[in-house]
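Hi,

Here is the structure I said I would pass on.

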Amino acid sequence: MGTLLEIKNIETFYGLIYALRGVSLTVEDNTITAVLGNNGAGKSTILKTVMGLLDDQPDKGTIEFLGRRIDGKDPEVIVRMGLSYVPEGREVFDELTVKENLLMGAYIRRDRGGIKSDFDRIYGYFPILKQRENQWAGTLSGGEQQMLAIGRALMNRPKLLFLDEPSLGLSPLLVKEIFRIIVEISRQGVSILLVEQNARMALSISHVGLILENGRFVMKGKSNELMQDKDVQEFYMGVRSEESAKGFQRWKRKKRWR
Amino acid sequence: MFLQLLLSGLSFGSLYALIALAMVIIYKTSEVPNFGQGEMAMLSTFVAFTLLVTYGHSFAISFIGALLFAALLGAFLEFVFLRRAKDPNILSLILITLGFEMVLYGVASWKWGADQRDLPFPVSDFDLVNLGPAVISYLNLATLLVTLALMLLLFLFFRYTKVGIAMKATQQNPMAARVNGIRVNRILSVTWAMSSTIGAVAGIMLAPVATLDPNLMLEPLLKGFASAVLGGMTTLVGSALGGYILGIIENLFGGYVSLEFKSIVAFGIIVLVLCFKPSGLFAKHYIKKV
């Protein structure tokens, strides 16, 4: 297995806020890597930093994709190297049709035949999009928009796909459906870096899991091992390790990694 | 009488529509009403004049040359003035457009002076075509047709070409456009070039009716802006319709009520629209889902 993405010690500022405090991360070929963490831990910031969406960031550290430095490059350039990004909150083009949205996903490609077959592939993953083909993306439901956002990102045939909270605001059933398709996509040879709050779902499909707190990774491991970890269960999966005798818990378990 | 007023209103309205379109194309990408639009068109018209009269080229060459100049001018202004602004807000961008409006006005006054000139136009303003009960001059007819053709082209461009769709995408969500590999800066330059070209067409069609001097576009620009506000600053079709409506209303007002106050109608309409439907008559209210 080769290394696709290698992030070394990046530090990112959001204005004056010290958002990432030295984050290192590697993504291997043909894996799903999940980054978990609470609100404001800096999960999305990692993806935005790598995509080059934050001006003049990372402040420190290096990012390599396929062995080439990409820190400080523009997103337009990074996308062309085979890295796709599904932003948090979908961010589809509201007043373009579903078809046009997907076409924009293939903006950087020139091969008409390949684009056509990719359309069919995406409609295979998400048949509902085929039905809505000529509808404005803004009129789709949240789940359909998420599917469209994923489909659009796949249209440029990425080697690595960034997914930022694909479960955000979706019903449990839809979340399941989306994750099923994520697994299917990864089987087709696309590596995935997944950022999620829904730890249970994310760990169940990923190979490697990392836990981010206050801009630092505090834990890393194989996903199935993390799922067994008492701390992870308590703080990220809502499993209560001990029942209190009175029926409610007045104390909090201490985090062991601090 | 009524038909006659309607017809000439339509022809004037089509010029307003062009200017409105030019403004809206830029407004949609950067949310800036470009107050330099008129001066950009005026300068391009002067270039057409120079090519035609001073250098004696044919009208077609002068026309195309002026359009090329307009496109370059638009891209140049975007590249040199607007892109330099770091994290600008809307107000500062508007001020930039006002700034180069004055620069361009100055350049035109310096190069061509304040004399009123005559742009020799191959289509006559005095020969008339009979359309049943009404007549229309060849020039007005040409204006109408050119405008319609240009609008059709624009429609096809935004509907079917990749760059056109990418422009719309950039207007709607620049961040998402960037992560899809659309070079947003380049799209902005193209937008400005296009808008400037459309404005130049309006300027050249207007010059034979008005007089060619540095004030050529002063009033038409305000009218075009009024049409854009009337139709809705966010819709291309709406703003074009706004142009026609304004042209017709203005002409009817001039014919039936008072010729002196004809120009004021536009501003009365702006006030009314802003009172009752601030987003414009044809703007689709789009509520963003979160």
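Strands β6(A) and β7(A) run parallel and are joined by four bridges; two strands are said to pair if DSSP finds at least two bridges between them. Within that pairing, A:Y85 sits opposite A:F162 of β7(A). When I say helix or strand, I mean a DSSP run, numbered from the N terminus: H or I with at least four residues for helices, E with at least two for strands.

Before going further, some housekeeping. This is a predicted model, in which local features need pLDDT of at least 70 and side-chain atom pairs count only at pLDDT 80 or more, while totals for chains, interfaces and linings use all residues. Residues are numbered from 1 along each chain as its sequence is written, chains are lettered from A and ligands numbered from 1 in the order in which they are written, and side-chain values use heavy atoms, with hydrogens and water left out.

Back to β7(A). Five of its five residues are buried, so the strand is largely enclosed by the rest of the structure. Buried here means under 20% relative accessible area, exposed is over 50%, and partly exposed lies in between (1.4 Å probe, protein chains only). In a regular strand the side chains alternate between the two faces of the sheet. In β7(A), A:L160, A:F162 and A:D164 point one way and A:L161 and A:L163 the other, and all are buried.

Next comes β8(A), residues 191-196. It is parallel to β7(A), residues 160-164, with five bridges joining the two. A:L160 stands opposite A:S191, and A:L161 has A:I192 as its bridge partner. Helix α7 (residues 172-187) of chain A makes a right-handed β-α-β unit with β7(A) and β8(A); right-handed means that, with the strands pointing away from the viewer, the path from the first strand over the helix to the second runs clockwise.

Strand β3 (residues 32-37) of chain A also runs parallel to β8(A), again through five bridges. There, A:V35 stands opposite A:V195.

How enclosed is β8(A), and what explains it? Six of its six residues are buried, so it is largely enclosed by the rest of the structure.

Putting the strands together, chain A has an open sheet of six, in the order β6-β7-β8-β3-β9-β10, with mixed pairing. β6 (83-86) and β10 (216-222) stand at the edges with a single partner strand each, so one side of each has no neighbour in the sheet. On average, neighbouring strands of this sheet are turned by 15° against each other, direction ignored (axes are lines fitted to C-alpha atoms, for helices over the stretch in contact, and angles run from 0 to 180 degrees between N-to-C directions).

On a 1 Å grid over the protein atoms alone, a cavity is a set of points where a 1.4 Å probe fits but cannot get out, and a pocket is an open set with protein on both sides within 12 Å along at least five of seven lines; lining residues have an atom within 4 Å of a point. Grid points are joined across faces, edges and corners, and a volume is the space filled by probe spheres set on the points.

The second largest pocket holds about 690 Å³ of space. It is lined by 21 residues, of which A:K99, A:L103, A:R112, A:I115 and A:F119 are the closest to its centre. Both chains contribute: α3 (98-105) and α4 (112-125) of chain A, and α5 and α6 (162-172) of chain B, each give two or more residues. α4(A) has the largest share, with six residues. By class, the lining has seven nonpolar, three polar and 11 charged residues (Ala, Val, Leu, Ile, Met, Phe, Trp, Tyr, Cys and Pro count as nonpolar, Asp, Glu, Lys and Arg as charged, and the others, Gly among them, as polar).

There are also two cavities of 30 Å³ or more. The largest has a volume of about 40 Å³, and its lining is B:S11, B:F12, B:L15, B:N140, B:T143, B:M205 and B:V209. α1(B) gives the most to that lining, with three residues.

The second largest cavity, at about 30 Å³, is lined by B:A48, B:L52, B:F59, B:S62, B:F63, B:L119 and B:I204. That lining has six nonpolar residues, one polar and no charged ones.

Cheers
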